[in-house]
Amino acid sequence: MGDRGNFLQKVITFFKIFIEAKELPDDKLLFTYNGLLYPRIICSPATFQAMTSFEAREDDLLMVAYPKCGSNWTLQLLGDMVKCVYYKDMPPTIPLIEVGAPDKFEKLKEESSPRILSTHFPYDNIPKTFFEKKVKILVVFRNPKDTAVSLFHFYNNNPVLPKCSSWDKFFQDFMTGKVVGGSYFDHAVEWNKHIDDERIFIVTFEEMKKDLEAAVKKISDFYEFNLTEEQIQQIAEKGTFKSMKEKSKETHGEIGNAIFRKGEVGDWKNHFSEAQSQEVDAKFEECLAGTKLGEKLNYNAYCKM
């Protein structure tokens, strides 16, 4: 289709979604499936049902992240890595497996390997086919406070999600798991149980911000891409959050600004009250303190007042 064709298609799709979203009241924009909230306009029970017959391939590349932990950033980096190894042109990056019409899974059968797939599903909701085929899974995490703030702004800048009346109200919904993606802490606890699985690799938003080149190398090593030092350096230089935000309208259409907002570490301090900060501290202590994932998140460095 070409770059211009892809861009125009994204613009058309965005406006179709925007118009459809405008016709629904906020309280009708989400629906519940298996206990979790999903945006009605881009997800459906029919798609989830069709997903049960989807077959993974051993060489699929699956990226998993709780919403607003850096999934779009990581997907673009992963796409650039795969391009170096397998493709002359940018490989197709499949949207979230839970998003789209039921027939998408028939179309997925036609995609060449390796397919780059992604999801916001928690561990237990991921189709069993990925585990049966022993697919390597890249899991992206971000500290919970910045995740909450980013998701709050995403709600208010994304037409398929209801607007939030206030940060305080959204914070309580986030802490009780009444947001898309469910409970951040439930999501983290489940992945921590599988952190030693050799086919699962966890990378954090913060370590990518701190040393992107090192993070790219770790991801490359996990997938056995055997990238050269020069390739790793080029991918990291091209793939900074700042660079991707500048290109976001081209890569993601009108929704690009909502997807790539600030990309900062520590923005939570501009939103959290001391009581809210302490509430998250206590929840982290309850769920993740002393765990391998808790250590990897480096909570004290990024989440203390």
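Q: Before we start, what does "exposed" mean here, and what does "buried" mean?
A: Exposed means over 50% relative accessible area, and buried means under 20%. Keep in mind that this is a predicted model.

Q: Got it. Which residues of helix 15 are exposed, then?
A: Glu 274, Ala 275, Glu 285 and Glu 286 are exposed.

Q: And which ones in helix 15 are buried?
A: Those are Gln 276, Ser 277, Val 280, Asp 281, Phe 284 and Cys 287. Looking down the axis of helix 15, the buried residues fall within an arc of 140°, so they line one face of the helix. The exposed residues sit on the other side.

Q: Why would residues three or four places apart point the same way?
A: An α-helix has 3.6 residues a turn, so residues three or four places apart do point the same way.

Q: Nice. What do the buried residues of helix 15 pack against?
A: They pack against helix 6 (144-157), helix 7 (167-175), helix 8 (184-192), helix 16 (292-297) and helix 17 (299-303).

Q: Switching to strands: how many residues of strand 3 are buried?
A: Five of its five residues, which are residues 61-65. Leu 61, Met 63 and Ala 65 point one way, while Leu 62 and Val 64 point the other way.

Q: Which strands are joined to strand 3 by bridges?
A: Strand 4 (residues 116-119) is joined to strand 3 by four bridges, and strand 5 (residues 136-141) by five. Both pairings run parallel. Val 64 has Thr 119 of strand 4 as its bridge partner, and Leu 61 has Lys 136 of strand 5.

Q: Last one: how many helices and strands does the chain have?
A: The chain has 17 helices and six strands, and buried residues make up 53% of its 305 residues.

Key. Residues are numbered from 1 along each chain as its sequence is written. This is a predicted model: local features need pLDDT of at least 70, side-chain atom pairs count only at pLDDT 80 or more; totals for chains, interfaces and linings use all residues. Side-chain values use heavy atoms; hydrogens and water are left out. Buried means under 20% relative accessible area, exposed over 50%, partly exposed in between (1.4 Å probe, protein chains only). Helices (H or I, at least four residues) and strands (E, at least two) are DSSP runs, numbered from the N terminus. The arc is that of the directions from the helix axis to the C-beta atoms. Contact means heavy atoms within 4.5 Å. Two strands pair if DSSP finds at least two bridges between them.
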